[in-house]
Amino acid sequence: MKRIYLNNDWLFTPEYTDKLLEENADLSELTKVRIPHTVCETPYNCFDESVYQMVSGYVRFIDIDEADRGGHLLLTFEGAAHKATVYINGRPAITHHSGYTAFTVDMADYLVSGSRQRIVVKLDSGEGLNQPPFGHVIDYMTYGGIYRDVYLDIKNKYYIEDACVSTPLLPDGTKLLKADITVNEYLPDMYLRARLDMWTESGQAEDGQQWIFDDEAVHHRISCLTWEVDDAYLWEPDSPVLYTLTIELCLAGSVIDTKSVRTGFREAVFEYDGFYLNGEKIRLRGLNRHQSWPYVGYAMPKGPQQLDADILKYELGCNIVRTSHYPQSQHFIDRCDEIGLLVFTEIPGWQHIGDTVWKKIAVRNVREMIMQYRNHPSIILWGVRINESQDDDPFYHKTNMLAHELDLYRQTGGVRYLEKSSLLEDVYTFNDFVHNGKNDGIKKKSKVTPDMDKAYFISEYNGHMFPAKPWDDEPHLLQQALRHATVINAIAAEDDIAGGTGWCMFDYNTHRQFGSGDRVCYHGVMDMYR
């Protein structure tokens with residue numbers, strides 16, 4: 001029951017060949033790299049996206065102790081862009097079709113004699129892949145690389161496969177803690193122990209809040225547990241109190257696995273007249289965020305990910321961020337949990353809807369997004385529609401139904417630029433670019449949504465309507481700021497609009513069809529360096 005991070009000691013080649021799979025392959029020409037890694041460092045501007053489109057190869061050796069062979073060896077890649085095939089000791093183990101969600105393979109089925117095991121990753125970062133977000137030109141770069149953490153979880157034969165934690169608030173004020181615990185294999189004598197502690201960065205709860213729950217027998221692979229914790233504090237933007245639920249899987253009087261999940265008690269609901277957190281109406285005010293940086297694309301570790309959340313809340317005055325247009329780093333969302341920054345996250349995609357195979361992968365993206373991110377109290381809305389796509393009711397019925405099946409307590413939205421389009425989601429999320437500096441800041445809700453009884457949220461505004469470069473003169477920069485202020489004020493004047501997220505946090509590299517001719521969209525309220 002331990003986790004080993006495997007970010008160091010990788011070997012990289014920009015030209016994958018099957019020779020890497022050979023046991024005695026010559027690796028002398030490969031470059032030693034560290035994860036997070038980008039397949040190609042890029043210039044600040046004026047570069048072609050073809051430079052990072054390649055089929056590259058990563059190689060790493062892992063030593064497995066003999067004592068760990070009897071259980072499960074769960075190798076997880078948090079993010080590998082964009083089609084990854086993992087080989088273990090020369091054998092294909094898994095192929096994953098998304099650069100924005102994690103995937104796991106059990107190494108136990110692929111071990112060879114001796115301690116040294118060989119991992120090879122074939123990584124396709126081409127934009128011609130038949131999977132989201134590809135299929136048409138995209139208004140952002142889709143950099144390649146194993147750019148998020150890689151780790152190995154060493155488990156016993158029986159272990160906790162998943163823990164879904166939710167914290168519904170009943171109308172009478174009762175706080176519930178619900179945990180759906182999935183074990184990989186059921187045995188009649190299994191039971192669960194649970195403990196809830198207040199979370200602090202130091203690990204010490206200042207007021208000693210702790211709950212120890214009675215042992216619960218395991219009757220099936222999935223155990224649905226519920227407890228009342230009325231003394232727990234609420235998670236709110238100004239006081240984002242977090243708790244850690246620790247679950248122990250026991251057998252024959254011994255603990256055979258442990259899983260900890262961080263959570264917060266809050267009720268987040270979009271109504272026809274706005275957004276309510278713990279029964280209080282809050283006007284949502286925020287920005288969109290890409291997960292890119294100059295030169296290294298997506299490949300940034302924990303610290304800069306956390307810093308972006310801090311900048312959004314403490315420097316830019318946001319209370320919400322939209323992770324456009326894909327799920328983003330767990331480190332970033334963890335920090336949003338800690339500081340009380342609300343999150344609207346969505347599946348990968350930009351305008352284009354592909355064929356049947358493409359749609360199946362998109363539906364799988366919904367499942368992966370929700371399964372991997374649903375324990376974050378900061379996330380208040382799932383985006384289950386391809387950003388700015390046309391209506392496709394059969395496709396979006398599937399994405400909505402799956403989201404509600406996997407998460408009973410969060411609503412869905414679907415970002416569109418279409419007025420009066422087919423509304424299958426709970427919230428009509430709309431990109432409103434009507435403001436030109438002289439007219440009203442936004443359109444009326446009644447002009448846009450087909451259903452006034454459902455919630456309404458403005459998911460983008462400004463941005464490309466008035467780009468501003470860092471070296472522009474002060475009157476130009478001031479005009480950009482005033483345009484944002486005008487839209488924020490216009491939203492605040494409407495009682496039936498939940499809020500908005502402007503486009504966008506910072507400038508970003510893009511394809512030649514967009515931006516200012518130098519492969520940069522200067523749409524941010526900050527430059528690429530933040």
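**Contacts, folds and rings in a predicted model**

Leaving aside residues up to four places away in sequence, I146 touches I35, P36, H37, Y58, F77, G79, A80, V121 and L123, where a contact means heavy atoms within 4.5 Å. This is a predicted model, so local features need pLDDT of at least 70 and side-chain atom pairs count only at pLDDT 80 or more, while totals for chains, interfaces and linings use all residues. Residues are numbered from 1 along each chain as its sequence is written, and side-chain values use heavy atoms, with hydrogens and water left out.

I146 sits in strand β11 (residues 145-146); strands (E, at least two residues) and helices (H or I, at least four) are DSSP runs, numbered from the N terminus. With a relative accessible area of 0%, I146 is buried; that label means under 20% relative accessible area, with exposed set at over 50% and partly exposed in between (1.4 Å probe, protein chains only). The C-alpha atoms of I146 and I88 are separated by 17 Å, and these two residues are 58 apart along the chain.

Zooming out, the chain has six helices and 34 strands. Its C-alpha trace spans about 70 × 60 × 45 Å along the principal axes. Of the 530 residues, 59% count as buried. Take the contacts between residues at least 6 apart in sequence: 72% of them join residues at least 24 apart.

Now for the rings. A search of the whole structure turns up 26 aromatic pairs. Rings of Phe, Tyr and Trp (its six-membered ring) pair if their centres lie within 6.5 Å; planes under 30 degrees apart count as stacked, over 60 as edge-to-face and the rest as tilted. The Y298 and Y326 rings have their centres 6.1 Å apart and their planes at 55 degrees, so this pair is tilted. It links distant parts of the chain, 28 residues apart: Y298 is in the loop between β25 (284-289) and α1 (302-315), and Y326 in the loop between β26 (320-323) and α2 (330-339). Y298 and Y326 are both buried.

Y428 and Y456 make a stacked pair, at 6.3 Å centre to centre with 25 degrees between the planes. Here too distant parts of the chain are linked, with Y428 in strand β30 (residues 427-431) and Y456 in strand β31 (residues 455-460), 28 residues apart. Y428 and Y456 are also buried. Finally, ring pairs link Y52, Y100, Y140, Y143, Y147, Y298 and Y326 into a cluster.
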